[in-house]
Amino acid sequence: MKRVAFAIVCLLSVAVVFAGNHWVGTWGTAPQLVETNNNPPSPGLGNNSLRQIVQVSIGGEKVRLKLTNEFSSGATVIKAVELAYAKTAGSSSEIYEASTVSLTFGGNASVTIPAQSKVVSDPVSLHLDGRQNVAITIHYGNASSTNVSGHPGSRTTSYLKAGNTTDFTGAVKTDHWYNILALEVEAPETAGAVAVLGNSITDGRGSTTNQQNRWADVLSRRLLANDATKQVGVLNMGIGGNCVLGGGLGPAAVNRYQRDLLGQEGVKWIILFEAVNDLGYAGNGQQTAQRIIEVYKQIIREAHQKGIYVFGGTVTPFKNSSYYSADHEKGRSTINKWIRTTKMLDGVIDFDQAVRNPNDPEAMQEQFLFEGDWLHLNAQGYETMGGCIDLNLFTKTDPLADDEEEDSYGEVLLWKEAEDLRTADQGTAFGLMEDSQASGGKYLQTVNNITSGAPTDKANILVLNFEVATANTYYVYARVKCPTWDDDSYWIKLDGPLGGDFANGLCTNGSWDWKELCHSSLQPGSHLLNIGGREDGACIDKLCVTDNPEPPTGMGGSTTVTALRPANSASMAAVERFSLCGMRLSEPCCGPYVEVLRSEDGAVLSRKIIARR
């Protein structure tokens, strides 16, 4: 990412704040490339002035502003920026003139934001109360109005006026935000923010424009009114039409969570509440649900490494909407069951239970419907959602939840990443590829089309060695992605050289799924599996050897534990603790740290990251 020198200096200079204080996000929004129909109206941004209203969550005495140009292909020139108290939550452009403060960027009033970049202002003294309305007035130089970074779903009116002006009488109104990214306050170390990952239900589709009554706003007011949580900020990272996996509006959650959740200043809690758009367009509801769960697990692990609690919000009902089908409902049920039962989340927010019809649980209560679409909620529904959240979640001092969960895969002998089978002289004809949806982020793709006979050269063959302790029928599953019926097979042979046997019919329509490669009755001892490339374009991510006739789900288990032993096969002998950089610890510490459980013979039984506050 390109950065200008003064921005680096600015970031370094504000990193040191008064002792005991730190920066905490008090307002923020998730940016995207603004769609054409939501671009700034005439007269446009270039060489004109724009006043935008936001309502913060927690207060403070010092504030700084972040601006974004991350999705724009050209630089945006800002001549000046002022902050002031707004007289309304967006229904007018009026401000309290005496409160106006001018911002600087590295000591300069103007700043040029390069394409695909963002900048942060110097801190400025400005007393903010909780839920204060703040006007952000930007005076633009050269700026595009057709290639803009912003947030279309502001639910708040902005005011655009020609020229360099502070008089917005007769200004053009537009209910969108442009270029503004976050307001942060200097707050005590005990203060923190909760960042919410969401779609249009979090973004506020169905809430009242300029009344700031999204469910996240309701939560913020409740937190401020409670002595134990009055220093908790709320950052709404919802994007209308957004998906977890891809294909919706804005960057997919799997691609934006590091910025919009983990990258927020002072974040101590995360709420995951997405998935409905993914399910609405899913070809297979349960497969889509499992893929979403794997992304959630990935977010949880990374958040726990930073000592951040993660709460799961159950997916609200959508029966009678265009998204509904029996298959899509199975996907929703799968996600909600996982949220309610997993040991990985630090808490559950049961939005589904709060708004569903008790006589028809797959549908929402009619009193909460927005425009009868059976998907979005009205202001009353958002009041119910924000009111159902247990505020005690934000006073937790418990250790973080587990980073892994025990899945019922039977007695798994081996999990193996496919890319680990590719060596300097073996499997080199399999292309090594990257995909955030693959286990470990990598997978192998067949390059050659070898359908006339099994390959005999090492370059086109992968070899898996494993041992079994007892005679039984064992199954070999592969997590594969095969886009079509013309690229969905491998040459397969268990305990012998490749010949005429091949696993076919592995088509997954381009999504990752577990497929059986073979099964056989095996005797105790060593065994060898040969996998040869057959049709080009077939992708293989991970392998599992197990006695369970049911295939695994999601990304499977951890390859750091190569054998899951019966409970009585080896007694647990020791718990070891390490810092994240690998230093052995003599006793638990203020986390995060890694806890390793070993059996008497030294085998690793489990690893998990723990954090205590």
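Contacts between residues 24 or more positions apart make up 78% of the contacts in this chain with a separation of 6 or more, where a contact means heavy atoms within 4.5 Å. The model is predicted, so to speak of a local feature a pLDDT of at least 70 is needed, and side-chain atom pairs count only at pLDDT 80 or more, while totals for chains, interfaces and linings use all residues. Residues are numbered from 1 along each chain as its sequence is written, and side-chain values use heavy atoms, with hydrogens and water left out.

**The chain as a whole**

Of the 613 residues, 57% are buried. Here buried means under 20% relative accessible area, exposed means over 50%, and partly exposed is in between, with a 1.4 Å probe and protein chains only. The accessible surface of the chain is about 24500 Å², and 47% of that belongs to carbon and sulfur atoms. These areas come from the Shrake-Rupley method with a 1.4 Å probe, and for residues only the protein chains shown count as cover.

**Cores**

Let us look inside. The largest nonpolar core has 42 residues, and those with the most contacts inside it are Leu67, Val81, Leu83, Ile136 and Leu183. A nonpolar core is a set of buried Ala, Val, Leu, Ile, Met, Phe, Trp, Tyr and Cys residues joined through side-chain atoms within 4.5 Å. Leaving aside residues up to four places away in sequence, Leu183 touches a list of residues including Val24, Trp27, Val54, Leu65, Leu83, Val134 and Ile136. Apart from this core lies another, of 35 residues, among them Ala195, Leu245, Val267 and Tyr296. In soluble globular proteins, nonpolar side chains tend to be buried together.

**Strands and their partners**

Strands pair if DSSP finds at least two bridges between them. Four such pairings are collected here.

| Strand | Partner | Sense | Bridges |
|---|---|---|---|
| β16 (residues 192-198) | β17 (residues 232-238) | parallel | 7 bridges |
| β24 (residues 430-434) | β25 (residues 442-446) | antiparallel | 5 bridges |
| β25 (residues 442-446) | β32 (residues 539-546) | antiparallel | 2 bridges |
| β28 (residues 490-494) | β31 (residues 525-533) | antiparallel | 5 bridges |

In β17, 7 of 7 residues are buried. Val232, Val234, Asn236 and Gly238 point one way from the strand, while Gly233, Leu235 and Met237 point the other way. In a regular strand the side chains alternate between the two faces of the sheet. Val234 of β17 is the bridge partner of Val194.

Strand β25 takes part in two of the tabulated pairings: Tyr443 in β25 is the bridge partner of Met433, and Leu444 stands opposite Ile540 in β32.

The pairing of β28 with β31 belongs to an open sheet of 4 strands with the order β26-β31-β28-β29 and antiparallel pairing. Because β26 (461-468) and β29 (502-503) stand at the edges with a single partner strand each, one side of each is left without a neighbour in the sheet. Within β31, Ile531 is the bridge partner of Ile492.

**Helix α7**

Helix α7 (residues 326-341) has 16 residues and reaches 22 Å from its first C-alpha to its last, close to the 22 Å expected at 1.5 Å a residue; the expected span is 1.5 Å times one less than the number of residues. Its buried residues are His328, Glu329, Gly331, Arg332, Thr334, Ile335, Asn336, Trp338 and Ile339. What covers them includes the helices α5 (276-280), α6 (285-305) and α8 (351-355), along with the strands β19 (309-313), β20 (347-349) and β22 (360-364).

**Local details**

His22 is found in strand β1 (residues 21-28) and counts as buried because its relative accessibility is 16%. The side chain of His22 reaches the backbone oxygen of Pro188 at 3.3 Å.

Most residues other than glycine have a negative phi, and most peptide bonds are trans. Gln116, in the loop between β7 (111-113) and β8 (118-120), has a positive phi near 60°, and at 51% relative accessibility Gln116 counts as exposed. Arg131 also has a positive phi, of about 60°; Arg131 lies in the loop between β9 (124-128) and β10 (133-140) and is buried, with a relative accessible area of 15%. Finally, a cis peptide bond with omega of about 20° joins Ser42 and Pro43, and Pro43 sits in the loop between β2 (32-33) and β3 (48-55).

Terms used. A polar contact is a pair of N or O atoms within 3.5 Å; within protein, one must be able to donate a hydrogen and the other to accept it, and residues adjacent in sequence count only if both atoms are side-chain atoms.
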